[in-house]
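Here is a short report on selected local features of one model. Please view the sequence and structure first.

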Amino acid sequence: MTTDIDLQSAIAALDEYGYDKKVSTDLEQARNKQQMGKYIKSLDYSLRRLLILQETVNELVEEKKHQLAQQENIQTYKTKIINLSREFNISYDEVLALMSSSKSKN
């Protein structure tokens with residue numbers, strides 16, 4: 001009987017925790033501009049701290065854009081190598097070897 005009550009209490013606590021996570025003003029839970037704005041307002045930062053936050057976020061956004069552009073360029077390059085290997089009916093590794101050997105000759 002006691003274990004049933006303990007189990008029910010544990011389940012109720014987990015349910016309450018899950019509910020609290022859904023309605024909390026936690027940045028990890030924020031999925032849109034309104035939720036993020038609400039969280040940032042709850043921090044009650046001064047203008048100076050908000051400007052530092054803005055600068056930091058802008059830098060992180062630029063870094064992420066740069067990383068995505070690099071990944072896209074690498075994927076484009078790989079696709080071009082695959083297309084060359086198909087066009088000349090040779091393996092991907094052979095194309096890389098030919099490119100490497102022609103580069104070292106220059």
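## Basis

This is a predicted model: local features need pLDDT of at least 70, side-chain atom pairs count only at pLDDT 80 or more, and totals for chains, interfaces and linings use all residues. Residues are numbered from 1 along each chain as its sequence is written, and side-chain values use heavy atoms, with hydrogens and water left out.

## Positive phi in two loops

Most residues other than glycine have a negative phi. Asp44 is not a glycine, yet its phi is positive, at about 55°. Asp44 sits in the loop between helix H2 (33–43) and helix H3 (47–87). Helices are DSSP runs of H or I, at least four residues long, numbered from the N terminus. Asp44 is exposed, with a relative accessible area of 68%. Exposed means over 50% and buried under 20%, with a 1.4 Å probe and protein chains only.

Asn89, also not a glycine, has a positive phi of about 55°. Its loop runs between H3 and helix H4 (92–105). Asn89 is exposed, at 72% relative accessibility.

## Ser85 in helix H3

Ser85 belongs to helix H3. Its relative accessibility is 10%, so Ser85 counts as buried. A polar atom of the Ser85 side chain lies 2.7 Å from the backbone oxygen of Ile82.

Which residues does Ser85 contact, leaving aside its neighbours within four places in sequence? They are Ile90, Ser91, Tyr92 and Val95. Contact here means heavy atoms within 4.5 Å.

Key:
A polar contact is a pair of N or O atoms within 3.5 Å; within protein, one must be able to donate a hydrogen and the other to accept it, and residues adjacent in sequence count only if both atoms are side-chain atoms.
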